[in-house]
Amino acid sequence: MSKQKLVVVGNGMAGARAVEEVLARGGAEMFDIVMFGEEPYGNYNRILLSEILNGIQDADGITMNPLSWYAENGITLHAGHRVEKIDRAAKIVISNGGVRARYDKLMIATGSRAFIPPMQGVRMEDGSLKPGVFGYRTIADCQQIVDYARRSKIAVTIGGGLLGLEAARSMTVLGCESHVVHLAGHLMEMQLDVAAGGILKKTIEGMDIRVHTSKLTTEVLGTDKVEGLRFKDGTELPCDLVLVAAGIRPNSEIGQLSGLTVERAIVVNDHMQSLDDRDIYVVGECAQHRGRLYGLVAPLYEQAKVFAEHVTRTNVNAAYHGSKLATKLKVMGVELASMGITDPTDDNDEVVQFTEPKRGTYKKLIVRDGRLVGGILMGDIGKAPFLMQAFAQDAPLPEERLSLMFDLGTPSAKVTYDEMPAETQVCNCNGVTKAGIAASVVAGASSSKAVMAQTRAGMGCGACKGEVTELVSWLLGGEVEEDPSVHYYVPTIPMRKPELMREVVARGLKSVSSVFRELGNGEVDPSAKPALASLLITVWKGEYEDERDARFINDRVHANIQKDGTFSVIPEMPGGVCTPDELVRIGQVAQKYNVPLVKLTGGQRVDLVGLKKDDLPKIWSDLGFKAGYAWGKSYRTCKSCIGTDFCRFGLGDSMGFAQRIERRYRGIDSPAKLKLATAGCPRNCSEAYVKDVGFVAVGDGKWEIYVGGAAGAHIRKGDLLFTAKDETEAMLIGSRFMQFYRENAKWKERTYTFMERIGLERVRAVVVEDSEGICADLDAAMEASIAATVDPWLEAVAPKTANQFTSVIPAKEDV
């Protein structure tokens, strides 16, 4: 029996998921599958577009199905082709590139586009958007926005929904003064009530984003480009970039041109078939089912399953009956769960409510006839899994309502999972049910990571990862297999750090790109670049080939970026000591460049905060100090008490020792920041016991060496590694420990975690007793690193790249 032709118009999240569902039901044996996608990529996660804007990810980082996936599954993909015509009589689709494809079954999943409200001056005479006005829906949109934002000062986002708020935050990251303009009286009115919207507004304003609610934009000002906005109330807001995130409109024109029934979108029946042609299915945001349109991912995936069941004849009775909307989100770092209605609509509705505005916590449940019909959880969503299950299943609630919000008797996780119906959706973004996760476990997945890779649960917004991990553990009876990849130094290269370092040396790989090419099968993981750069610097010292796109912005400009796009500069001040002349010079520089804030740091140095990127080289030159390395994963500083020179309790020259330490290790790259301290006696005024490496004088010239201390979010007293007979021996053992840590720690692993993972006994055996015979190698490697270190502030005179200190991302300025 010959295969039928299945043509899919649309390669977005709905279209690609529908094809995945078809393949999962043996569709590859039934159909030759042809897909058309208007964008030149594989399928990507549109939920994560804000991460493209703020630079966390690139296009590869949010890709769900790379182009290779289509070929591996026998799918013909015409990427970059928009279908312009469907000839229903001949059963042929025709693209704008002239590609013709015959079909037996056709699925339309053209999605939606950004809605641009009717505003005077929003378009040019040729109908194009005025320069500076952008929709926000695709990777290309994001790339254009980022490019324009680099030349802009004030950005306004029209729309206070999820996408709009995330976009507004990205504008601050890009260095713009950021505003949100929203028509409704409070933010996210579809998911939140007035009180919750007010709390969210205060939280967002605390992130330096200005929020304007109850504002109707009537005009975009400016002749040739955006210069501002005018509102219905007559007020104006100057700006040079407008990002529109005011909703979406279905891409249903192809259905209308083809003679299908179109109202707000293409109308479908319960099998997701068009009303006019049963060989044409419609899924996603371009489909209208029972009068409703859905923009959330979960309903689209439910529709995709029904389509796949029906078109493969796996279940000819498969039917979509609509979706109850419940979702977990993370809005600008704020956890949020919303389900059903946001305000009571019936006289008998019972409202259970708790609010703690200062902590950003808000909980509200609406109960009708003992069932949950609406709920909002913000800030603390620990009860979300149970409540969303109760909402989805229309289950009766406990009489004790307080237990619905707090841990006062709600069923335990095991009981909840035991009673959870198989069809309960655990991951809203990717439509993964309890049954889907269980099937993955039955098929052999024995870790949460393996389950996530197979089902994509937890790989959307990430809000459900904790619940997925707990469910997998419950399904496996707690016997969760450790995934070996957790030990890989970078995810795409299956090697632990020491093994990777040996391979890098053996192959002579001195650049990040060469490592990906030779050891990662050519697959580039953007998020792993900084980790690899750190490793290569440790291995190759001055021979490392510096590819600047492999380093964070901080490392590229040798200053610490702030949330408003300005930078912080901290000059070196060994042991917290400087001369009066040096202190005066710092003050003069602060005055000359109108530094907004001068701050004394916990590391006993002076921090100049709020500096423009363009000014950094001039500031460094005027200061005349060496770099303080306050920005990177490296040696940072050595704090000291006043020591023996003036303190009557001093047993050792802590100030002098700290200065010698800082001048020796300045700029040494490290998997995570290294903070050191010297204390002149056990009274520990410089907090040496809780530093990554601390030296404490105990008399007779001896120094105790403590390692793995912490006094930030994690509190840990360091382990006593060794008591050195003098300063020279203390420096030697401390140096060996730092080199051993550099060569064996995971990326971003602080010494306190490293010590707990490796163990004090092994560390002592290696760096003190030389149990592995590598002490000479550790000493030599550290000496080579020290010799190769160059003060990066010298780049003020000789920049590494032409635009290294140019404000491609301008600092925020008052207007």
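Reader: Is Asp 615 buried or exposed?

Author: This is a predicted model, in which local features need pLDDT of at least 70 and side-chain atom pairs count only at pLDDT 80 or more, whereas totals for chains, interfaces and linings use all residues. Residues are numbered from 1 along each chain as its sequence is written, and side-chain values use heavy atoms, with hydrogens and water left out. Burial is judged by relative accessible area, with a 1.4 Å probe and protein chains only: under 20% is buried, over 50% is exposed, and what lies in between is partly exposed. Because its relative accessibility is 15%, Asp 615 counts as buried.

Reader: Which residue meets the side chain of Asp 615 in a salt bridge?

Author: A salt bridge is a side-chain nitrogen of Lys or Arg within 4 Å of a carboxyl oxygen of Asp or Glu. For Asp 615 the N to O value is 3.1 Å.

Reader: In which helix do Arg 169 and Glu 166 both lie?

Author: Helices are DSSP runs of H or I with at least four residues, strands are runs of E with at least two, and both are numbered from the N terminus. The side chains of Arg 169 and Glu 166 meet in a salt bridge of 2.8 Å, N to O. Arg 169 counts as partly exposed at 27% relative accessibility, while Glu 166 counts as buried at 8%. The two are 3 residues apart, about one turn of the helix, and that helix is H6.

Reader: Which residue forms a salt bridge with Lys 201?

Author: The closest N and O atoms of this pair are 2.8 Å apart. Both residues lie in helix H7 (residues 194-205), 4 residues apart. Lys 201 is partly exposed, with a relative accessible area of 25%. The partner, also partly exposed with 33%, is Glu 205.

Reader: Why do the buried residues of H15 line one face of the helix?

Author: In H15, which spans residues 497-507, the buried residues are Lys 497, Leu 500, Met 501 and Val 504. Seen down the axis, with directions taken from the helix axis to the C-beta atoms, these buried residues line one face because they fall within an arc of 100°.

Reader: Which residues are exposed on the other side of H15?

Author: The cover of the buried residues of H15, with contact meaning heavy atoms within 4.5 Å, includes helices H16, H17 and H22. On the other side of H15, the exposed residues are Arg 502 and Ala 506.

Reader: How many residues apart in sequence are the parts tied together by Tyr 281 and Phe 307?

Author: Rings of Phe, Tyr and Trp (its six-membered ring) pair if their centres lie within 6.5 Å; planes under 30 degrees apart count as stacked, over 60 as edge-to-face and the rest as tilted. Tyr 281 and Phe 307 are edge-to-face, at 5.1 Å centre to centre and 75° between the planes. Tyr 281 is buried at 1%, and Phe 307 is buried at 1%. Since Tyr 281 lies in strand E21 and Phe 307 in helix H9, the pair ties together parts whose separation in sequence is 26 residues.
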